[in-house]
Amino acid sequence: MSRGVSVKARDSSATAPLLRRINASAVLDYLTAAGAVTGTEVMAATGLSRPTVHTLCDHLIALGWVTELDGRRPEGNGRSGRPARCYQFNALAGYVLGIDLGENKVSVVLSDLRGDPLATTTSEFPSIDISARDRVVLTRRAVRVVLKSAGVDRSSVFAAGMGVAAPVTTGGHLLVSNDYLPGMASLDLVKSVGQGYAWPILVENDANLAALGERWRGVAAGVDNLIVILAGERLGAGLYLGGQLIRGHDGGAGELGFLEMVEGVGGTEGIGAVARIQGRTAVAAAVLARQSAGPDRTDGQPHSLLALAGGDPARVTGNLVTAAARAGDPVALEILDGIAERMARVVGVLATMLNPEMVVIGGRSADVLELIHDRILEHLPPFTKESPRLEPTRLGDRGVLWGAVRLALDHVQAHVFDSLTELLPAENHPSLPLTREANR
């Protein structure tokens, strides 16, 4: 098929409203990614005609999304003529919120319409067993904090994306057992968090948002077959395959409960949880061994896991195991090597089933990943015939937040022309973009 064939010829079902929206999206995407540009530059980038470009820009100016600057004179010595109209995207025409409502904490970021953060806050929960009501209260408080910090009125927020550590139905409800996140399954999260706010809240599984975040601001830019594994306290996967996010029938795609049946894995505990559990077991065993050896027995290694924990298994955390491994403690190093092999099995199973180009491991275990990334690669070949590119996240524990912002921005940009599309031009053009990827 010729590249120059028109949109109508390529898709006979393309209607005038669809073409209007595609035109509008193409112009908005380009202006969002560009600086100050002329109408001619917008035409060249989108393939749209001059009347269409200027009409669309006029509507964006009316909405406040674009400002018109002093025009540029035509280039060239001695050339005269009317200055070209010049446009610039107004990123402060409105704002979006990204919310990461996790098991242990809630983080909120306020961003402008380019996705650049203006204010961020994080609140740790006093316990993972706090009530659903208390989670909502702390989330709403965090929203107020970022709005106040940035000096932004709630009326200027256009949308919020929110990631939660559970499967999410198409209606925005959580599919989760009561012993994991007490009370959350019966909660109308959109209504309870959004009470008093006019903007929509878009609820999505946290691993799915991490996949969007990695494609937008992380190591997976432009990767259309991607798996992101969140591996902090529990394992969950965001699946971006064939150029789209895979949610499944009712939001359950990417849930990894089947790992209970995988030899050498046995459950969905994440890197941090396994390091903590095995570290506490090792310290308890060392304490017993020292007691059996008598009161004069010393560990002899000031930076060992036992010493760092002060002989108290309850003080062991995943970070403490990591610190001991960095100091060369053989017990901690053995724990992390076992975790590396376990993660290789997880990656191998997912890679064999779904054949991704890349697997990104993220979550709250970035420090551990620095130590075990190479070991995962070494353990991986026996578990899959074609190993994907394996990358640690570069977003730290902010991947879900970036994905939440991206989700909110996509919603806002998709609906910015809702009230105007009947008035916009519906132009077929050979080079008209059919996908919205300019600012991903």
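1. Starting with N104: in this predicted model, N104 sits in the loop that links β4 and β5. Once neighbours within four places in sequence are set aside, N104 touches E124, F125, I128, E233 and R364.

2. On the whole chain, quickly. The protein has 13 helices and 13 strands, and 49% of its 440 residues count as buried. If you take contacts between residues at least 6 apart in sequence, 69% of them join residues at least 24 apart.

3. Next, helix α5, which covers residues 132–150 and has 19 residues. From first C-alpha to last, α5 reaches 28 Å, close to the 27 Å expected at 1.5 Å a residue. Its buried residues are A132, R135, V136, L138, T139, R140, A142, V143, V146 and L147. When you read that list, keep in mind that an α-helix has 3.6 residues a turn, so residues three or four places apart point the same way. And what covers the buried residues of α5? The cover includes strands β4 (95–101), β5 (105–112), β6 (117–124) and β7 (157–164), along with helix α6 (189–194). Just after α5, G151 has a positive phi of about 70°.

4. While on backbone angles, have a look at N355 too. Its phi is near 55°, a positive value in a residue other than glycine. N355 lies in the loop between α11 (330–354) and β12 (358–362).

5. Now E204, in strand β8 (residues 201–205). Is E204 buried or exposed? With a relative accessible area of 6%, E204 falls under the 20% cut-off, so it counts as buried. Beyond its neighbours within four places in sequence, its contacts are M162, G163, V164, V168, L209, L245, R247 and L407. Two of these, L209 and L407, turn up again in the next point.

6. Helices α7 (residues 206–217) and α13 pack at about 85°, with axes 6 Å apart, and the pair is therefore roughly perpendicular. From α7 the contact takes in D206, L209, A210, L212, G213, W216 and R217, and from α13 it takes in G399, V400, W402, G403, A404, V405, R406, L407 and L409. By class, that makes 10 nonpolar, three polar and three charged residues. L209 of α7 and L407 of α13 belong to this contact, and both are also contacts of E204.

7. As for α13 itself (residues 399–415), the helix has 17 residues and reaches 25 Å from first C-alpha to last, close to the 24 Å expected at 1.5 Å a residue. α13 is mostly covered, with 13 of its 17 residues buried.

8. Helix α10 (residues 318–326) packs against helix α12 (residues 366–379) at an angle of about 40°, and their axes are 9 Å apart. That makes α10 and α12 oblique to each other, and their crossing is left-handed. T322, A325 and R326 make the contact from the α10 side, with D367, V368, E370 and L371 on the α12 side. Sorted by class, the residues in contact are three nonpolar, one polar and three charged.

Note on methods
Residues numbered from 1 in each chain as written. Predicted model: local features only at pLDDT ≥ 70, side-chain atom pairs only at ≥ 80, totals over all residues. Heavy atoms only, no water. Helix = DSSP H or I, 4+ residues; strand = E, 2+ residues; numbered from the N terminus. Expected span 1.5 Å × (residues − 1). Buried < 20%, exposed > 50% of the residue type's maximum accessible area, 1.4 Å probe, protein only. Axes fitted to C-alpha atoms, helices over the stretch in contact; angles between N-to-C directions. Parallel < 35°, antiparallel > 145°, perpendicular 65-115°, else oblique. Left-handed = near helix turned anticlockwise from the far one by under 90°. Contact = heavy atoms within 4.5 Å. Nonpolar A, V, L, I, M, F, W, Y, C, P; charged D, E, K, R; others polar.
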